[in-house]
Structure formats: structure tokens, C-alpha cells
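Hello,

Here is the structure I said I would pass on. My notes on it follow below.

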Amino acid sequence: MTAERDFIPLSLCVLTVSDSRTLADDSSGDYLVQSLTQAGHRLAERKLLPDDRYKLRAAVSQWIADDGIDGILVTGGTGFTGRDSTPEALLPLLDKEMPGFGELFRAISYEEIGTSTLQSRAFAGLANATFLFCLPGSTSACRTAWEKIVSAQLDARTRPCNLATLRPRLKE
């Protein structure tokens with residue numbers, strides 16, 4: 001007999017990477033903030049930064065150094081244009097990559113947008129015991145990632161296992 005797990009609210013940050021959006025028209029960031037708070041998590045901080053690898057790296061480094069931050073959701077900058085630099089900026093910060101996230105995201109996305117999913121360099125990993133999810137900039141891609149992958153993995157009630165319950169053991 002096993003006891004039901006309780007929900008564990010996590011402290012999450014949202015970062016939008018965009019050269020053209022502002023907080024006033026950031027529908028992807030708005031979606032992620034609304035979704036994480038509706039799920040019962042806490043928004044620790046939200047930022048919107050231009051697609052500049054050093055500014056991105058500085059902001060995310062500050063969050064991963066904060067023991068009070070459990071995870072970071074980044075939207076934007078994962079494509080192939082000359083300005084898209086989220087992977088180049090943030091992959092060096094990871095202690096461990098989560099290859100299955102990008103693979104699963106693209107597999108699910110394929111059902112929605114076909115081979116256009118190849119243009120996504122979405123990825124996830126762990127940095128200083130902080131989960132980092134880097135998603136495409138479109139609101140529909142954020143919805144796909146949140147609803148079909150991230151929300152369940154950040155929910156301690158997800159069986160058989162989830163990322164939320166690993167949190168206390170990440171620095172062992």
C-alpha cells in the first residue's frame with residue numbers, strides 16, 4: 001500500500017528571448033506564467049531579453065545560482081536564424097542534459113506541424129539542481145511542451161516518476 005503523493009509547488013522563472021516582443025505582447029511568456037501558476041507553482045521572476053547569448057547566460061546563471069529557484073522555462077531563440085542563440089548561450093551552463101526532452105518534444109510536435117519540427121532545437125537539462133527547459137518561441141509550441149511534457153514532470157503526483165520528487169536528491 002502506498003500513500004498518495006502531495007503536490008509540491010515549485011518556484012519557477014520564465015524568460016522570453018526575443019528581439020521583437022515586449023512584455024505587453026509576449027503571448028508565449030504569458031501562457032507559461034498563467035499555466036505554471038494555475039498548476040499551483042510559484043512564479044519567482046519573469047524577464048524578457050534580446051537574443052544575446054551573454055545577456056541570456058548572465059540572467060540564467062543568476063537564477064541557477066539561487067537555491068530558491070527550482071526551474072526555469074525559456075521560450076524563444078531555439079530556431080536556426082542568425083539571431084537564434086539560446087542553445088549556444090545555455091547549453092554550456094548545464095551539468096546534465098536531458099536528451100529525451102528534445103526528442104519527445106519533436107516527436108509530439110511532429111504530430112502537430114509535421115517535418116517543420118526539425119527547425120526546433122528545444123532542449124532541457126539540469127544546472128546546479130535547477131531544471132532548465134528551453135522551448136520554441138511560439139505560443140503553440142509552449143502549449144505543446146507544457147501540456148504534454150513539462151506540467152506532468154513538474155508535478156510530484158505523476159506516476160511512476162517525475163522530476164519534482166527528484167529535487168531533494170539532485171545534489172547528492
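Which residue lies over the face of Phe-80? Arg-121 does, at 5.6 Å from the ring centre. A charge is taken to sit over a ring if NZ of Lys or CZ of Arg is within 6 Å of the ring centre and within 35 degrees of the ring normal. A second case is Arg-143, whose charged end sits over the ring of Tyr-31, 5.1 Å from its centre.

Before the rest, some conventions. The model is predicted, so local features need pLDDT of at least 70 and side-chain atom pairs count only at pLDDT 80 or more, while totals for chains, interfaces and linings use all residues. Residues are numbered from 1 along each chain as its sequence is written, and side-chain values use heavy atoms, with hydrogens and water left out.

The sheet

Helices (H or I, at least four residues) and strands (E, at least two) are DSSP runs, numbered from the N terminus. Two strands pair if DSSP finds at least two bridges between them. On that basis, 6 strands form an open sheet with mixed pairing, in the order β2-β1-β3-β6-β5-β4. Its edge strands are β2 and β4 (96-97), each of which pairs on one side only.

β1 runs parallel to strand β2 (residues 42-49), and 7 bridges join them. The bridge partner of Thr-16 in β2 is Leu-48. Between these two strands the chain passes through helix α1 (residues 27-38), and this β-α-β crossover is right-handed. That term applies if, with the strands pointing away from the viewer, the path from the first strand over the helix to the second runs clockwise.

β1 is also joined to strand β3 (residues 71-75) by 5 bridges, again in the parallel sense. Here Leu-12 stands opposite Gly-71. β3 in turn pairs with β6 over 5 bridges, also parallel, and Ile-72 stands opposite Leu-132 in β6.

The aromatic cluster

Rings of Phe, Tyr and Trp (its six-membered ring) pair if their centres lie within 6.5 Å; planes under 30 degrees apart count as stacked, over 60 as edge-to-face and the rest as tilted. By this rule there are 2 aromatic pairs. Phe-101 and Phe-105 are stacked, because their ring centres are 6.4 Å apart and their planes are at 20 degrees. These two residues are 4 residues apart in helix α4 (residues 99-113), so about one helical turn separates them. Phe-101 is buried at 4% relative accessibility, and Phe-105 is buried with a relative accessible area of 2%.

Phe-101 also pairs with Phe-133: the centres are 5.4 Å apart and the planes at 70 degrees, so this pair is edge-to-face. Since Phe-101 lies in helix α4 and Phe-133 in strand β6 (residues 130-135), the pair ties together parts that are 32 residues apart in sequence. Phe-133 is buried at 3% relative accessibility. Phe-101, Phe-105 and Phe-133 form one aromatic cluster.

Two further residues

Asn-162 is in the segment after α5 (139-153) and is buried, at 2% relative accessibility. A polar contact is a pair of N or O atoms within 3.5 Å; within protein, one must be able to donate a hydrogen and the other to accept it, and residues adjacent in sequence count only if both atoms are side-chain atoms. A polar atom of the Asn-162 side chain lies 2.9 Å from the backbone oxygen of Thr-158, and the backbone nitrogen of Thr-165 lies 2.8 Å from a polar atom of that side chain. Leaving out residues up to four places away in sequence, Asn-162 touches (heavy atoms within 4.5 Å) Arg-5, Ala-152, Gln-153, Asp-155, Ala-156 and Arg-157.

Glu-88 lies in helix α3 (residues 86-90) and is partly exposed, with a relative accessible area of 28%. Not counting residues up to four places away in sequence, Glu-88 touches Arg-53, Arg-57 and Arg-121. Arg-57 is 31 residues from Glu-88 along the chain, and their C-alpha atoms are separated by 9.3 Å. Arg-121 is the residue that lies over the face of Phe-80.

Regards

Technical notes. Buried means under 20% relative accessible area, exposed over 50%, partly exposed in between (1.4 Å probe, protein chains only).
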